[in-house]
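Subject: Structure handover

Hi,

Here is the structure for you to open. My notes on what was found follow below.

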Amino acid sequence: METRHGNKYRQLHIEDYLKEIPAEQGMVSGVYAHEWITGDTDTNANFWTDNLLDTILRSDNLTAAYKRVKANNGAGGVDGMQVDELLPYLRQHWDELVEQLRKGKYKPNPVRRVEIPKEEKGKVRKLGIPSCVDRLIQQAISQELTPIFEEQFSDNSFGFRPGRSTHDAIMRCKQFADEGYVYVVSMDLQAYFDTVNHSKLIEVLSRTIKDGRVISLIHKFLNAGVMEDGGFHPTEEGVPQGGPLSPLCGNAMLNELDKELERRGHKFVRYADDCMILCKSRKSAERTLENIVPFITKKLFLKVNLQKTTVCHISKVKYLGYGFYRYKGKCRFRVHPKSVEKFKNKLRMLTARGNKWSNPVREKKLNDAVRGWINHFRYADMKGLMEELDEWLRHRIRAVYWKQWKKVRTRYKMLRALHLPEWKVHELANCRKGTWRAAMMLNTALTKTIIVVRLGYPSLSAHYLKVRVNY
């Protein structure tokens, strides 16, 4: 490849390529383009929304988008390109890509359908994986739109927003509950991301984005279609989960619901499409549900799953995996029983005796799973639960090792290495009981100290006490 300076086959970084935009284009796409045109940064207050595509195609924004896509290292799309192949592609096709975007001729690829199981048995969540190039462009758009829309979003919205988390959402629930709002309308929007009305979404976005080129580009991503079951399927509604634009579009649509709830004076907490409206009495909550459903269905064209939408006391609610209870007049958190069972199922899978993992691999997977789960539930009161799960998990680990010591001579060897008395070695090595019962007897050999300290398996209680949050 020959650059503008005549150096052949020069290996350029992405930053170099993004700076190769011709000077006359740079004058309109650079950070100071408006100053260059008018000489006054305050002449047109809507410059950044009116000329948003030029802002999106700035070299620093595109470089940041590439770095983000590279860091996420997600799966490839329908074109088969992997993230590691993105930079060589951009080196070869960058000028052509930018030109297509500027002229409105860019055509996104269909997304690749991936299904992941949901908590409900037999149900799946459908993800749409964009191609790497589409992901880069979506990320660049999202980076510029996020600060613009953040100024409009409600303070009671927490999902997929910078500087906000699930823990902020449940603490807001606690704040309202402590103020006496203890009856909850737990909203369930049926297949929200799959049923978003494109026309309504474009209308909402167009109120803020005045650059028609960006609106047109977003519309193309929405209508790109999906590859599923070996064929192409058009997408006439919905926002495919899996792309960088999806969370922002989802929040922009549901911000309409947030504004309506605020206009009516309701207390609410929303994390993505999980919304709770809190009231002081059951009658008030029932009346609120009756009045808000028509707005959602007739104004936002979304579907409410009335079978799963409930009105109940906050102690009966599951929200973001947490449960709630009252103690000395204050709201406190626990882990919802369904979340506990889901976690136990994951631990069962990781300690299954037939998965053929090496012990170091199993130990690492268990540590990662335990740390992630406890970090999410570190606001919950669960000291007793952690001690109970610890005993159960160590029992399963002992069963794994007993299964590995299949032969009697192997058991003699391993038990003697643990410095047990010879009579105990003989008793355990010749045990003819089932695996689970034998693992129970093995607790005198594979003690808690050996499993946690020497073998490196996690202690749920120890990690919980280390990261728990007192409030």
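**Around Val-370**

Setting aside neighbours within four places in sequence, Val-370 is in contact with Phe-343, Leu-347, Pro-458 and Leu-460. Contact means heavy atoms within 4.5 Å. This is a predicted model: local features need pLDDT of at least 70, side-chain atom pairs count only at pLDDT 80 or more, and totals for chains, interfaces and linings use all residues. Residues are numbered from 1 along each chain as its sequence is written, and side-chain values use heavy atoms, with hydrogens and water left out.

Val-370 sits in helix α16. Helices (H or I, at least four residues) and strands (E, at least two) are DSSP runs, numbered from the N terminus. Val-370 is buried, at a relative accessible area of 2%. Buried means under 20% relative accessible area, exposed over 50%, and partly exposed in between (1.4 Å probe, protein chains only). Leu-347 is 23 residues away along the chain, yet the two C-alpha atoms are separated by 8.7 Å.

**Helix α15**

Helix α15 covers residues 337-350, 14 residues in total. From first C-alpha to last it reaches 20 Å, close to the 20 Å expected at 1.5 Å a residue. That expected span is 1.5 Å times one less than the number of residues. Which residues of α15 are buried? They are Ser-339, Val-340, Phe-343, Lys-344, Leu-347 and Leu-350. Down the helix axis, the buried residues of α15 fall within an arc of 135°, so they line one face of the helix. The arc is taken from the directions from the helix axis to the C-beta atoms. These buried residues pack against β10 (330-335), α16 (359-376), α17 (383-404) and α22 (460-467).

**Cavities**

There are 3 cavities of 30 Å³ or more. A cavity is a set of points, on a 1 Å grid over the protein atoms alone, where a 1.4 Å probe fits but cannot get out; lining residues have an atom within 4 Å of a point. Volume is the space filled by probe spheres set on the points, which are joined across faces, edges and corners. Its lining includes Val-111, Gln-138, Phe-221 and Cys-249. Helix α12 (212-222) gives the largest share, 3 residues.

**Asn-255 and cysteines**

Asn-255 lies in helix α13. Asn-255 is buried, at 4% relative accessibility. Cys-249 is also buried, at 4%, and Cys-132 is buried at 0%. The structure holds 0 disulfides (pairs of cysteine sulfur atoms within 2.5 Å).

Best wishes

Terms used:
On a 1 Å grid over the protein atoms alone, a cavity is a set of points where a 1.4 Å probe fits but cannot get out, and a pocket is an open set with protein on both sides within 12 Å along at least five of seven lines; lining residues have an atom within 4 Å of a point.
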